[in-house]
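The structure comes first, then the two sites in turn.

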Amino acid sequence: MQEKIDLCDLPWPALERFVVDTLGWKRFRTQQIWQWIWARNASHVSEMTDLSLKDREHLGSLAQISRPSVADVRESSDGTTKLLLELKDGELVETVLIPSDAPQRPGDLSVRMTQCISTQVGCPMACTFCSTGKLGFRRNMTMGEILGQVQVARARLGDTRPEHPIIRNLVYMGMGEPLLNLGPVMDSLKTLEHPKGLAFSPRRITVSTCGIEKGMAVLGESGLAYLAVSLHAPNQDLREKLMPRAAAWPLEDLISSLESYPLKTRERITLEYLVIAGVNDQPEHVRQLSRICSRLKAKLNLIPCNAVPGSPYGPPTGEELLRFEKALWDKGITAIARKSKGQDIEAACGQLRAAHEGAAAT
Ligand code: SAH
């Protein structure tokens, strides 16, 4: 038997073609099906009750909605939740829900979450501090799998109304390098933005990259998300040590491409900087960072490096981190030290899957 079409993998134009050419239905039906999949988060064609029973049967005979299943859940004492999700072929990816820090209006009891999503199973970039990097690359995720993470999280949280979302912000900062899975990632951004579906404004989405030239050009031109760049090293030598593959595109070229990156009003590029004790937090690094930042409209996010088994790197003490942050401010750089969340649940990129495999191996 022919495999059924997965409706979650179809961006709007492809769904429209399927509706018209394959089902032989009127074009306007696209919107009905789209709303069920994305806004209403249906998990089965049979839920589409505004289609006649006959139409549901016809649709269900050719197509299905597949969502990842939850293989494990870890909840941190700070409210961060990490889900390990199993995809159709048994591969595992991680997504993390982080309660937002943003102050809420008085009396507003609603929860706000930022969700961190994965785009690849594993990652080809092999950054030396990253547990996903250690796993190697297994495969790209499809658009349906990327957005399936959001839909599974929405279902768990009871996040049912796109106009009043619990998941306010999305960050493409989970497993994988989003800009090496460009087609599905761009399709996912277009699907997220669609007003009849999840209706995520691009101002609620950030895509994080280690610096991929072509992908950055495409993302910048689309305006579909904010850009975050994993910098982690303020000079080429150190970048080659920490991020050997990403550094194949020289730091100087990366920075000059960021100088002309298209930005919206008041928009700034986020530079992510893992602070690794004794490695990239010295006075010379402050000077180098200040030269880089003076060329860009950017803010610097300082993230204390989580220790990853088998890696020599570790976090600075609280005091060292403050000192580094202050030295950057003294140079006029907007640097913000992020509190690391989910420490007790192995929330850094790739750590939960790695812990699972470790447990399976023993
Ligand atoms: N490939 C993309 C997306 C992956 S997210 C990119 O490189 O940007 C990468 C982010 O995960 C890093 O910027 C960092 O914030 C976080 N990260 C990776 N390894 C980490 C570690 N050992 N400790 C803390 N954060 C880590």
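The lining of the largest cavity has five nonpolar and three charged residues, and no polar ones. In this predicted model, Arg 154, Asp 159 and Arg 204 belong to that lining, together with Pro 162, Pro 165, Ile 167, Leu 198 and Phe 200. The space inside the largest cavity comes to about 40 Å³. How many cavities of 30 Å³ or more does the structure hold? There is one.

The ligand site is described next. Around the ligand there are 19 residues, of which Phe 129, Glu 177, Ser 208, Ser 230 and Asn 306 come nearest. By class, the shell consists of ten nonpolar, seven polar and two charged residues.

| Residue | Protein atom | Distance to a ligand oxygen atom |
|---|---|---|
| Ser 230 | polar side-chain atom | 2.6 Å |
| Glu 272 | side-chain N or O atom | 3.0 Å |
| Cys 210 | backbone N or O atom | 3.5 Å |

On its own, the ligand has 550 Å² of accessible area, and the protein covers 92% of this. Which elements give two or more residues to the shell around the ligand? They are three strands: S10 (205–209), S12 (269–275) and S13 (298–304).

Taken together, the shell around the ligand contains two charged residues, while the lining of the largest cavity contains three.

Terms used
Residues are numbered from 1 along each chain as its sequence is written. This is a predicted model: local features need pLDDT of at least 70, side-chain atom pairs count only at pLDDT 80 or more; totals for chains, interfaces and linings use all residues. Side-chain values use heavy atoms; hydrogens and water are left out. A residue is near a molecule or strand if one of its heavy atoms lies within 4 Å of it. A polar contact is a pair of N or O atoms within 3.5 Å; within protein, one must be able to donate a hydrogen and the other to accept it, and residues adjacent in sequence count only if both atoms are side-chain atoms. Accessible areas come from the Shrake-Rupley method with a 1.4 Å probe; for residues, only the protein chains shown count as cover. Helices (H or I, at least four residues) and strands (E, at least two) are DSSP runs, numbered from the N terminus. Ala, Val, Leu, Ile, Met, Phe, Trp, Tyr, Cys and Pro count as nonpolar, Asp, Glu, Lys and Arg as charged, and the others, Gly among them, as polar. On a 1 Å grid over the protein atoms alone, a cavity is a set of points where a 1.4 Å probe fits but cannot get out, and a pocket is an open set with protein on both sides within 12 Å along at least five of seven lines; lining residues have an atom within 4 Å of a point. Grid points are joined across faces, edges and corners, and a volume is the space filled by probe spheres set on the points.
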